[in-house]
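Please keep the structure in view while I talk.

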Amino acid sequence: MLVLDRLSKTYADGTAALSNVSLQVRPGEIVALIGGSGCGKTTALRLIAGLDRPSAGAVRLDDELVVEPHPAIGIVFQEPRLLPWHTVADNVGFGLMDRPAAERREIVAHALERVGLAEHAHRWPKELSGGQQQRVAIARSFVTRPKVLLLDEPFSALDAFTRASLHEHLFRLWDETRPTVLVVTHDVSEAVTLADRVVVMRPKPGRVDDELDLGLARPRDRMSAAVEVATRRVLAALDRSLKPVQNRPAGGPAGNALWW
Amino acid sequence: MTEAALAEGSVGAAAAPARAGNKQLDLRVLLGLVLPVGLALGWEAAVRFGLAQGRLVPPPSRILQTFAELARSGELSTHVWATLWRVAVGFGLGAAGGILLGALSGISDTSRRLLDPTLQALRAIPSIAWVPLFILWLGIFEASKVALIAVGVFFPVYLGVAGAIMSVDRKLVEVGRVFRLSRSAQVRRILLPAILPETIIALRSGLGLGFMFVVAAEFMGASEGLGYLLVDGQQMGKPDRILAAIIAFALLGKLADAILVAATRPLLRWQDVSRERL
């Protein structure tokens, strides 16, 4: 189980990026972190990835304190961040350099096939499109079989069509090892497509505003009534999170106002 | 000659329309030859027809003749090897020093604060100004010449390597951290490949300066070397020898740079550049 225990992060310039965030994520659960800009989503992910240290509180994975990058925690960044001097195959196998070459080749080939890039294995990253590069990045993060996978708006720079197909590639990989997934997004439909649970955050300082259990079955039909209802619930929660706290109706009904 | 080439180009374009674009490019390249070739042919003709003496500005044919004689007698190769040896040793020392101190400056803030101000101050001194001191310290033979070349090579390499290390993409460094690379693996798998392109450019400009300074070094008393050939040509009143030495310098410099580029090209195939570099 991944536990965020009263996590706070204040930067050197005094900005409180994250304040007192607690969250528990079960093994295999997919949780979406959603919220307006500056609500600390990315900060939270960087703390879990061990790239930054929290100012207070702690991240624990199966009762182990996470203070630096952890072998069981993988991350896909907003940009592909492929190493331009490695071929696609070597990028995917980047985290496997301690394995025997034959084993590594096999794992990489399998992962590339899962993301539909088998025939691009020996190309350079510069020869791929943005969506293909992000698929390589996703494959790279999966091959080390992490227990927890962090996704930091990995699809935000892509068009809607590419995004939908990447969701599928992601699911196919996820289905093999069922890692815990924490995905940061600002796209409500993405959150509803991917997540079991949606955590809505609120800015200044970043904190958890609401948690919604979507309770949707998989695979999901994006046109189904259940998905539509879930989308409205998330939109409403997001809408509330963007208003000042005092204006918030006590236990108000889930409105159907759009957040923009 | 240029007209013949132009005519040939247009014939080729008519014969193979598919390659017309290529030929177009060839023609544009040829256009650059019009001026030097035209001037050379014009001067040659002027001397031939007695319009000019050509004593101080020898015609191309005489320069080539002198070049061929120098090559045949073995004089040229003696001078070329002497010059190349000096450049090679000076470049080796200067580049090694530049890479080492550049790496220190780029990697650690403390060593940058320690080294960089002094090196920048030294860089502001025109390198030729060191000549008298080097001669006093190291004598008038090879050591002082090599030292001057090494100083000339050192600074561009130092600046290039330090700058390259400081501009390594933080985002790629984070990828290394996420995969828990050891420090040595970070250097081997991220830092070195990342700084390679800029380092090669720095080495190329260092090599160019090496050739510049070898001339200065050989001016200050040498008994062989292309620089010596230059001074000798001046003192003996033989401009054709000077120009032959200049041609040898041009060929050597271009050749050395081409070898450096060719040797490093396989390492840079991954680069996402808009076009082939010169």
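Before I describe any lining, a word on classes: Ala, Val, Leu, Ile, Met, Phe, Trp, Tyr, Cys and Pro count as nonpolar, Asp, Glu, Lys and Arg count as charged, and the others, Gly among them, count as polar. Please also bear in mind that this is a predicted model.

With those classes, the lining of the largest pocket has eight nonpolar residues, two polar ones and one charged one. The volume of this largest pocket is about 350 Å³, and its lining includes Gly106(B), Ile107(B), Ile165(B) and Met166(B), together with Arg183(B), Gln186(B) and Val187(B). The elements of chain B that each give two or more residues to this lining are α4 (75-107), α7 (142-166) and α9 (183-219), and it is α9(B) that supplies the largest share, namely five residues.

Let me turn to the second largest pocket, which holds about 280 Å³ of space. Its lining is made by 18 residues, and those that lie nearest its centre are Gly95(A), Leu96(A), Asp98(A), Thr144(A) and Phe179(B). Strand β6 (residues 73-76) of chain A gives the most to this lining, with three residues, and by class the lining of the second largest pocket has nine nonpolar, five polar and four charged residues.

Finally, the backbone of chain A. Which peptide bond is cis? The one from Lys204(A) to Pro205(A), with omega near -10 degrees; Pro205(A) belongs to the loop between β9 (197-202) and β10 (207-213) of chain A.

Another loop of chain A, between β4 (56-61) and β5 (64-65), contains Asp62(A), and Asp63(A) is also found in the loop between β4 and β5. Although Asp62(A) is not a glycine, it has a positive phi of about 50 degrees, and Asp63(A), likewise not a glycine, has a positive phi of about 65 degrees. As for accessibility, Asp62(A) counts as partly exposed at 38%, whereas Asp63(A), at 74% relative accessibility, counts as exposed.

Conventions: Residues numbered from 1 in each chain as written. Chains lettered and ligands numbered in written order. Predicted model: local features only at pLDDT ≥ 70, side-chain atom pairs only at ≥ 80, totals over all residues. Heavy atoms only, no water. 1 Å grid on protein atoms, 1.4 Å probe; cavity = no way out; pocket = protein on both sides within 12 Å on 5 of 7 lines; lining within 4 Å. Points joined across faces, edges and corners; volume = space filled by probe spheres on them. Helix = DSSP H or I, 4+ residues; strand = E, 2+ residues; numbered from the N terminus. Buried < 20%, exposed > 50% of the residue type's maximum accessible area, 1.4 Å probe, protein only.
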